[in-house]
Amino acid sequence: MVPENIASRLTVIVHTYERPNFLESDVRQGRWSEIPLLIADDASSAQVQIRLQSLAEEFDLRFTSRPENGGPAQAALHGVEFCGTEFFALCGDDDYLKDFPAFAGEALALADDPDTLFVAMPEVRFLVEGRPESVQFNRRAFEGTRGRELLRELVFGGEMRALQAGTVIRSAEARPHFASSLFRTSEDFILICRLCAERPDAVVRVPEKGVYLRREHDASLSHRSNMSTERAVTNLLALLVGGRLLQTHDAIEDSVILGLIRQRAQVITTVYGSGIHSLRVIEAFLDGRDPDLSTKEAREACEYLISNCDQLPRELVRLKANISSRVAETTSEASPGERLAGALHALNSGDLEQARALAGALRAADLEKPAVLLALKGQLAWQDNQPDQTVRLLSEGLVHDPEHAECLHMLAQVATAAGSEEVAARLRNRLWMSQSLDERVALGTGYQDGVPDLKLAFIVSKGLDQFLTDLIRELLPHVDARRFVVETQDDILKATAWADVAWFEWCNDPIIWASRQDISRHKGVICRLHRYEAFSDMPLKVQWEQVDALIVVAPHLAEIVSDALPGLRQRTHVTHIPNGVDMARYELVEREPGFDIALIGYLHGRKNPQMALQILHRLLKKDTRYRLHVAGKFQDPVLKLYWSHQTVRLGLQDNVVMYEWQDDIASFLADKQYLLSTSVHESFGYSIAEGMARGIKPVVHNFAFAGEIWAEEMLFDSIEEAVEMITSPAYTSRAYRDFVQEHYSLDGQVEQVRALVETVSREVSGDQPPLEVTQIMGLGPRMVNAVVTCRCPGCQQLMDFQQQTISGHPVARERCAQCGEKVQVGPEAYREALEGYANTHPAEDLKALTREVGRLASTWSQNPDWKPVLSYDGLDLAKHMEFELLPHLVQAWIAAAQRREPA
């Protein structure tokens, strides 16, 4: 029961949004039984509001709800306006109060003094499940502090010390000072600063009793894992508000206030990973400049400020005016496309500086047709005497638009200037082929015969093309390489119809389907298998006889797939081509041993990030300066929960810095000294190679087969070994980069890919036709195919392979293990087998004959010869056959073999 003398004068307002669980539990456990509680809901869902209202009715509490969501400050203000009492105190929906009646009795007596600014609850304690309470803030030191003194301490310290939590404040004084809904995590700082500025000579009073219990959990708005660019922006703006208020009482220069904010930005960047780039955007707007938007954080900060400009607090009038002015300018300015047109006009007019200024702020992602921008930047690079950068930009333009006339024309000119006339002719031919008849006439050149230009289609499922851009860009001057992002079978057909060689990126559904189609007989087919497919059943579904080459990015992946597919190396050519790192993207920075460790990538079980926490824990016993900088996203909520729990349990909160996903890894690695990888398996590990290219020491968990990818001195088996590697004085930046250059450079990868593609193309084009088997020595039935025994026509070595057909055509091809020649069964031998089985006259159309065989073999699964192989553990495997045609062919081979004497 709440004492009447308290309930009539003071209301404790819990502002909440979609989080009823903690509050409901605490009420039911009696933690609010002697406290005048008002639940102020911030427009939660109907279900949550019903729960809260029912709770209030059951326990005789008060309840109110806003019509629309506005953030914690607006929900609290709504509660203050609704409660009707002279004083209020605020409490989070995941927190609760202890010793409140004793606190409130003394607090109200102190608050009646007109010289009292507010009455602070003396202690804030952490409440962590399974651990005893611990004092987070002891606020008794604030007793007697005047408003201007507290304001200065808040601004110079940048730390709120949860001063608003549980504090008794006069309702009439506070109403004008609640922050807007923009400040969802810094509203308490602004409210207290405004109260201090309004009554600079009033004093803070602190009773003897009273505890605010503050839960620490992942879902808390103040939890480090929930940091974002928006939170970084509002944190810095709140401090700026405090600074402006302080300037009304103390003669403090703008430079001092900005210096304090810069310090704060550095602190939150170190702890949370966001802040510095947000501050630079704020500073640019304060100075009336265009912000630098080269980083993701800067772009997010700029967008957030512009979107919420109208809600900026009154103290930031200059910032608001500058942002509004900039928005007006942006609105009146040309669109990205129009700005690009202006840059092109400036370039054509000879104003290179204006062209650079207009194009510099544009990104390829801003434009519907990125190739136009890249062609422009390529021309500017050529004007600046940067031929390598020119080729890179123009080639990247062709990745986006393979027939972009300007990119093709300029690349041809650059090739001519470099003395590469064959490359120039190849590019001019592509340009000619892409033009209409009228455009060809205007072009003034014809098609040059005798210039080889292989068509290479990179076929990839939507969203999985992350490893292709660099490779295609580097191949383009030599091969007409194009990316085809496919979603349907028709997309695959269109891509293969255009190509000489079809490269299937990933061993997944597209290659599974294509390998079973007639198209694979006439095209070179390459499949590149990465990591995850090797541990799936997808390779088992591919008709490897129709794939000319299988590329694996690590040697052990070939062994894993071969174990599941015996005879794979006889069915297709298996080769290892390692991944390539674009060394031009990663500048070497000579480094020395330090204390900053990078961990990069999606966080899930295979990445084993738990080990990183253990390593950091051991390091901190040696030196508390070590920090773990984590750039990535959690993909497993349980792992995220464990990570947060273990970070607290091990006391690592101040040494683990969480970042959002980083698009610019090179910049992220700029100030790091170690790249830690704790994965239980990788096929490569791009982040490891990228870090080494920047001169960073790798510290790699010795997962299975890690030794075939990385040098022994880069690997650790235990946590103790990892600590030894990081604390060791041995550090050679140049050697780390040289290792990547030697083993995993993009140039080396491109060279191997070109050689393989050209070999496959020659084989398919007929330069190296398969040798035909005309006499079959023996046959053996299998589940789907017949195993053909014959001698290699090249070296006479005995060999077996599985016969396959597509639309009635024999298409199985295998390499002889002895001489390496490709061997296939000839159509005449195939016809003889079919005719013998069908007992018909010779037919000219093999497809028609196959259909007749299919009709006669409609009851093939009843054949007694097949009963033993079609039954397994009581299961009738015939019912699970995926293709009808292949079993028909097997029956044909069996029937033919029964009439034929072995050779």
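**View 1. Strands E14 and E15 in a parallel sheet.** Phe-504 has Cys-527 in E15 as its bridge partner. Strands E14 (residues 501-505) and E15 (residues 524-529) run parallel and are joined by five bridges. Helices (H or I, at least four residues) and strands (E, at least two) are DSSP runs, numbered from the N terminus. The model is predicted: local features need pLDDT of at least 70, side-chain atom pairs count only at pLDDT 80 or more, and totals for chains, interfaces and linings use all residues. Residues are numbered from 1 along each chain as its sequence is written, and side-chain values use heavy atoms, with hydrogens and water left out.

**View 2. The open sheet of six strands.** With parallel pairing, the strand order is E13-E12-E14-E15-E16-E17. Two strands pair if DSSP finds at least two bridges between them. E13 and strand E17 (573-576) are the edge strands, each pairing on one side only.

**View 3. The open sheet of five strands.** The order here is E3-E2-E1-E4-E9, and the pairing is mixed. Its edge strands, E3 (62-65) and E9 (169-170), each pair on one side only. Strands E1 (residues 10-16) and E2 (residues 37-41) run parallel, joined by five bridges; His-15 stands opposite Ala-40 in E2.

View 4. The 14 residues of H17 (residues 387-400) should span 20 Å at 1.5 Å a residue, and the end C-alpha atoms are 20 Å apart, which agrees; the expected span is 1.5 Å times one less than the number of residues.
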